[in-house]
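This report describes selected parts of one protein model. Please look at the sequence and the structure first, then read the sections in order.

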Amino acid sequence: MLQGTGSGVGKSLLAAAFCRLARRRGIDVVPFKGQNMSNNAAVTADGGEIGRAQALQARAAGVDPLVDMNPVLLKPLADTRSEVVRLGRTDREVTDLPWRERKPRLWPVVTGALARLRHHFELVIAEGAGSPAETNLRDCDIVNMAVARHAEAHVVLIADIDRGGAFASLYGTWALVSAADRALFHGFILNRFRGDPALLAPAPDTLRDRTGVPVLGVVPWIDHNLPEEDGGPALAAGPDSAPAIAVAAYPRAANLDDLDPLRREPHLRLRWIRRPHDLTTLTAPPGLAAIILPGSRNTLDDLRWMKHTGLADAIRALAKDGVPLVGLCAGYQIMGSRITDPDDIEGGGEEAGLGILDMTTELAPAKEVRLTRARITAEQPRWLEDAKGEGVVGYEIHHGRTRAAPALRPWLTDGPRGLGHANGAHWGCYLHGAFENDRLRTAWLRSLGLRGGAGTWHGAVDRELDRLADIVERCLDVDALLADVLGCPLAASHRTG
């Protein structure tokens, strides 16, 4: 089990590396995180939601995503309220419970999921959340030491040394957990180090003398192009001399991994926009190529935020002047004329949209969650002319039911269901992962006068996972660590894969 001295220390990425390293050794491995908090969800084959990080770890392990890999997913609706997704499905009763009253309902879900994974797989790489030393959360823990104790897991504690204070963070975490929990710590990892590890002496030995826990290795800072679970503020792809694609950074923006294929493109810039001034800056040479409205976990609140900041009027004006506008899921809904919430799914009420697409959306209690194979069925927008009839794969997560005016033909369909509409150069769709389809992405960039040069998206992800695993393997004695967990030396087949 990989735990951390805090959030964002690199647990998810290292868990993906360990999954790939175990898979290379022929070990039947699977990832697990009892509870995750993220608005960037992935969809399983049976239509369940799990954290995007666990889906990436599953890819590293060479297995299909399962809801048991992340049995509890929290999706923030506001600063003090989150939707609870239990075994892939929204649980409205638990969502309405106070935080500290949830454990009796959710702990059996976590342990049941873990038991099923342990029954079917040889090795589970479990991941914690935040820090196990948060004493105010100990009584309601279902993801850190509670899981480690239940599974008698070998815990490796990770610190981000780039932040500073790593040795104090490791020692402080060790000191604040109980003596029984300390006995589960099998090692420390110093992550994201820039420099010569020899300069760290004598601190690793001092830490071992104080705790009895060894530092297993020092992992360097790794620049990578893998999807980030929380999207991240760094959208800056390409040089300042390249045309820009602006992305609306509303407060509840979700499924920002939709942008990852664009982040890899070398001939464009991706930039967040939060105020009209941000757009004004981007319209100066080399110019603004397009605007993207991403997904949202609270569409009405984010639309209201856009209006309050003046961003809605600024985007509408640029769209009318010919700057292409793209809406993904909630962004697609915002491009319409009106959004209503009669069942109080996102706080109730209704709002006029941007009016770029002649359609209305009504939020409904039933959430559409599915893997989708759609088909391009129209020649509009014009850059789709050569792609009519082509398949497009992705996934859907939305509450909305959208009705378009009869004159607005869908450009993307799944059987009788229209999943996307267009008005000239402006288009939107319900399909997350649309830009992972290489031909669609490249054709759209070409329509903007941009050159796509990133190659195949899915092949690039696997190459990055291999590169990540290679780096981690050079820093740690992986064979010894896995043999310790499995309770026996690795067989020759394990060592060679």
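## Terms and source

Two residues are in contact when they have heavy atoms within 4.5 Å of each other. This is a predicted model, in which local features need pLDDT of at least 70 and side-chain atom pairs count only at pLDDT 80 or more, while totals for chains, interfaces and linings use all residues. Residues are numbered from 1 along each chain as its sequence is written, and side-chain values use heavy atoms, with hydrogens and water left out.

## Around D341

D341 is part of strand β19, residues 338–341. Helices (H or I, at least four residues) and strands (E, at least two) are DSSP runs, numbered from the N terminus. Leaving aside residues up to four places away in sequence, D341 touches L300, E346, G347, G348, G349 and L363.

Is D341 buried or exposed? D341 is buried, yet has no salt bridge. Buried means under 20% relative accessible area, exposed over 50%, and partly exposed in between, using a 1.4 Å probe and protein chains only. A salt bridge is a side-chain nitrogen of Lys or Arg within 4 Å of a carboxyl oxygen of Asp or Glu. The nearest side chain of opposite charge to D341 is R304, 6.9 Å away; here Lys and Arg count as positive and Asp and Glu as negative, with His and the chain ends not counted.

## A network of salt bridges

How many salt bridges does a search of the whole structure find? The search finds 39. Some of them link R20, R24, R25, R59, D462, D466, D470, E473 and D479 in a network.

Within this group, E473 pairs with R24, with the closest N and O atoms 3.6 Å apart.

R25 counts as buried, at 5% relative accessibility.

R25 has another salt bridge, with D479, at 2.6 Å between the closest N and O atoms. D479 lies in helix α16 (residues 478–486), 454 residues from R25. D479 is partly exposed, with a relative accessible area of 27%.

## V67 and its contacts

V67 sits in the loop between α2 (52–61) and β6 (72–78). At 14% relative accessibility, V67 is buried. Residues up to four places away in sequence aside, V67 touches T44, D46, G48, I50, L87 and G88. V67 and F32 are 35 residues apart in sequence, and their C-alpha atoms are 9.6 Å apart in space.
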